[in-house]
Amino acid sequence: MSNEENDEYMGSLGQAQTAEDDVNEGGGGGGGAVGNNESGLGGQTMPQISPNAPLEGNVSPTPTQTHFEDNPHHSGINGGNSNKQGGNINGNGNGHGNVNGTEPNSNRNSPVKSPKRPISSSFRIQNTPYDDDEDLAAGDQVAVAGEAIAGRQVPDYWQQRNGTAASGTGGAASGRQSRAISPSYLDNMSENSEQPPVVPLVRSKSRPEISSAAASRYSNLSYWKARRVVFYRNGDPFFPGVELRYRPGRDVTSLDNLLDKISPKMDLPRGARYVFSMDGDRKYHLDELEDGAFYVVSSFKAFKPASYGKKNGMWYASPGNQGWGSKPASRKPSIMEADLGTLSTTSGSIKRSAGRVIRIINNLDHSVQCRVLLNLRTSQPFEEVLEDLGQVLKINGAKKMYTGTGQEVRSFSQLRNEFADVDTFYLATGTALIAGSPIRRSRSRPSVVAAAPILPTDELPKVPLRGARPRSKSRPRILYAPESEILRPNGEYTMLDIMKEEPTKVTIRGLRRTFYPPVHHAPADNSPPDKKLQLQWVHGYRGIDARRNLWVLPSGELLYYVAAVAVLFDRDEDAQRHYTGHTEDIMCMDVHPSRELVASGQKAGRDRKSQAHVRIWSTESLQTLYVFGMGELDSGVTAVAFSQLNGGSYILAVDSGRESILSVWQWQWGHLLGKVATLQEGLSGAAFHPLDDNLIITHGRGHLAFWHRRKDGFFERTDIVKQPSRSHVTSVQFEPDGDVITADSDGFITIYSVDSDGAYFVRTEFEAHNKGIGCLIMLGEGTLLSGGEKDRKIAAWDSLQNYKKIADTKLPEAAGGVRTIYPQRPGRNDGNIYVGTTRNNILEGSLQRRFTQVVFGHGRQLWGLAAHPDDELYATAGHDKHVALWRKNKLIWTIQTGYECVALAFHPFGTLAAGSTEGHLLVINCENGAVMLTLRVCGSPINCVSYNQVGDMIAMGSQNGSIYLFRVSRDGFSYKKVNKIRGSQPLTHLDWSMDGNFVQTVTIDFDLLFWDAKSLSPERSPIAMKDVKWLTNNCTVGFLVAGQWSNRYYSGTNTIVATCSRSAGHDMLASGDAEGYLRLFRYPCISPRAEFHESKVYSGMLACVRFLCGDHTLITVGGTDASLMVWDIVEE
């Protein structure tokens, strides 16, 4: 056929289609096909193909005649495996709108004629030959899918070319239209066509131009449409859900990638690792997640069935569905939404089908009612939702829901469609209803309607439905009843009080935890308590890691320091005074030559208020006189000393940083006279020479140096004739003529003299002790006292007779080695001395008589603390294997056990139980301190121990995460193991319930766990335990103590609460954190805006805090520093 014939043919085809409309109604799988009118064609025949079919142009040697049937349903050719879902069909079956030849980038919009190739009446579609004499089956139609947007058809290219438009009967229903193509025009689609298009084409804007190479990738519209999925947390029905919108294959490529995106939002212990459907089926691939569906995410493989999406009995949708009825701001409704019928036919806005706000009324008491936000897309059955709503209205077993006219509501579909205009419903347990119309209440206050007589359903008056009241856009939607709608009959609490108080969420170490409010609790008061803490007594002494820290003042008071407190202990008056100006641990101290002033240096803290500095304060008034070193000292003060010759006008300080900077100050004016970097690691002490204020001696590990300060502030180091060969110089003293005496860790004493040239040399050296020497002190008559750290000996040496040994004595083993020696009455030669030991004790005595204990302290870490329930007694235990019983500032008894005890508890009748780090339970008689019983409980440390209220059961929390239960006899001396409840995380704190049925514990990761002591099983639901009354409140997490976490008034941001205790009067809460802060709150402490009274006397973790009986005294232990402090609770 020539080009002229082709034009004539196309014209005749247009006339035939204009004269007679043979468009098929699209009943087949490929849509409607245009029928062929043989008379209109004038004997010419034409096969119908898809414009996307690849035309390979195979020429048959013998042209054949193609037969067309009259049946319009059998007038098409199927293009093989064509995909009918897209807008068009190509030869590869991928339903996208390009007509492709052998080259993928062929342009269907620009068909041109090419006379270079012969016309063929036999061709191949998808590599399948079709001849003219073959009959075409009805199922082998080749059709092109059209597009229907909002009921409108877009005419395709051939309709525009021929000037006709397809009818909207069949094509509109299926969105597909057939196309007729001239055989002569097929040749014009050749890859060698270079002529411009004859007729300009108009392409539908909704049909993108895509090449066939990429057509297979875009075969599905879901590639462009984002999926909306809501995830709930496994086992938490009150979790509001996390909504995620993503495009599969683009934003999210795999299920693991999706889990990584939602893990930070789910607060799961080990992150999001598993996905389940709402019925518990696990999902393994990203393709299994459906658009608009709800899923459950877990860290473990076990699925926990729950009513997900519920909050205090009320239902709500995911955060993305808030604000139903609002018009989308920028997003146009998609075709799929139009097909699903989610578009409003009148206004075009999205229908409120996800949820709605309704008012529910108690059938038997109209005064009990509430407005709830109901999720209509929940997966929970309608009957279970009715039961949950009934609990809100105090109805047990609610099974029916009725409208005000008596019509029963049986499904969510009726709430969405049939009763969409009704906003008030009645809940009942049977088929009877209260007569009357729905209650109409004003916005200002609720109206209470008296109960009417019960009538059968069929006798109820027919009350016409009233229309839904339009909602103000400025009025926010709420999940709970307003305060004005809460009714409390007889002044009692109702379930509505729970609904108005939301659970508290606390972020601890980056993980958010949720705590649920009990029904009855005292109202929260954010004001500080009326009482405050006042330090009354400090037990112990810091000898475990400090030297030269014991003095006697002119008043006879002992001066030493513990933690951040300087203690002035008057033995005659049995009283203590305390200097508490430091904010971190005191590292060193020195007394002014007048013995009326004290200089003390502290370590550096984490904030600006806790910088390393030196304080000079008065021993009489305990007032701070001078502070210097702020910003100059780095990490702490290793040594501090006053000058001797000029009356103490100078003071030196050694920084504990890497360079060990030595600085000299004129402290009255705060002037820095000079400083030098000693560059000595392990420098432990420094002192002025008593005869030269410009000569300073520093000593430490493998170090002994003499520094001369010049007038310009520079220092010159004087070399020693013989370098010290000992590993650690521990102490320095001076003879009256100025010679230097040193002691080292090998037990040697060395005397250095100066020659005529000013150079120092070793005059004498001798072995004084077997191993390390803790201290040296020169008495007035020339007697040198030395104390051994390892051999526990105190020896006296005569310096006038070449250090001849005068006498020695040995301390008891329980006391420990010698740290510091100081005369009881300086200036008198009576031989009485005070000795500070390595086990944090202070002894007094002489070389001629026995030493007695003046101050007792635990020698190692102190963690165990328990308060007697009926007396002002308390017990302590630590890693030194000692257990002690105290009455305020008096030590009653102390015993040494064979185990390191870290947990203590008093039996109601006075027996003391102790848990050890090796898993033993020790039962001690409080009368005499005798160990009555030792039980092997487990192989892990027992971190917490507690008796129930009546004392017939004891619970022990172990490091292995299990709870061990023992039945106890009435006197507390007989124990029988009941069983254990297995757990997984180490436990740190424990509380019994008032009835003795439950136990709550805190794990090392600050998770609050509950245990059923009767059924011997963990209690999985924290909601079921929210109303349990607890005998004590030693657990650091929970709703009633949540205000001590992330408090807005804290100086730090990541405060970790290590211990807490509730007073017996339920009005105060004592809290201690990991940075050493002790705080006193009101109880309950719910809000992060709760104010408090604060004290800072510890540098490390505050291990334990307890109220004594009567709530007048508070006891604290310091953990690593082994300090024990007693606080009085006084009126502010």
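Predicted model: local features only at pLDDT ≥ 70, side-chain atom pairs only at ≥ 80, totals over all residues.
**Notebook: strands and sheets**

I began with residues 855-886, where the chain is 0% helix and 53% strand, and the end C-alpha atoms are 13 Å apart. Helices here are DSSP runs of H or I with at least four residues, strands are runs of E with at least two, and both are numbered from the N terminus.

Residues are numbered from 1 along each chain as its sequence is written, and side-chain values use heavy atoms, with hydrogens and water left out.

**Entry: strand 27**

I wanted to know how many residues of strand 27 are buried. I found that 6 of the 6 in this strand (597-602) are buried, so it is largely enclosed by the rest of the structure. Buried means under 20% relative accessible area, exposed over 50%, and partly exposed in between, with a 1.4 Å probe and protein chains only. Leu597, Ala599 and Gly601 point one way, while Val598, Ser600 and Gln602 point the other way.

Next I looked up the partners. Strand 26 (586-591) runs antiparallel to strand 27 and is joined to it by 5 bridges; two strands pair if DSSP finds at least two bridges between them. Val591 stands opposite Val598. The hairpin of these strands has 5 residues between them, and there Arg595 takes a positive phi near 65°. Strand 28 (614-618) also pairs antiparallel with strand 27, over 5 bridges, and its Ser618 stands opposite Leu597.

**Entry: sheet 58-59-60-61**

I traced an open sheet of 4 strands in this order, with antiparallel pairing. Strand 58 (942-947) and strand 61 (975-981) are the edge strands, each pairing on one side only. Neighbouring strands are turned by 20° against each other on average, direction ignored; the axes are lines fitted to C-alpha atoms. Strand 60 (963-968) pairs with strand 61 over 6 bridges, and Val968 has Tyr975 as its bridge partner.

**Entry: sheet 21-72-71-70**

I then followed another open, antiparallel sheet of 4 strands. Strand 21 (531-539) and strand 70 (1104-1107) stand at its edges with a single partner strand each, so one side of each is left without a neighbour in the sheet. Strand 21 meets strand 72 (1124-1131) over 8 antiparallel bridges, where His539 has Leu1124 as its bridge partner.

Key
Axes fitted to C-alpha atoms, helices over the stretch in contact; angles between N-to-C directions.
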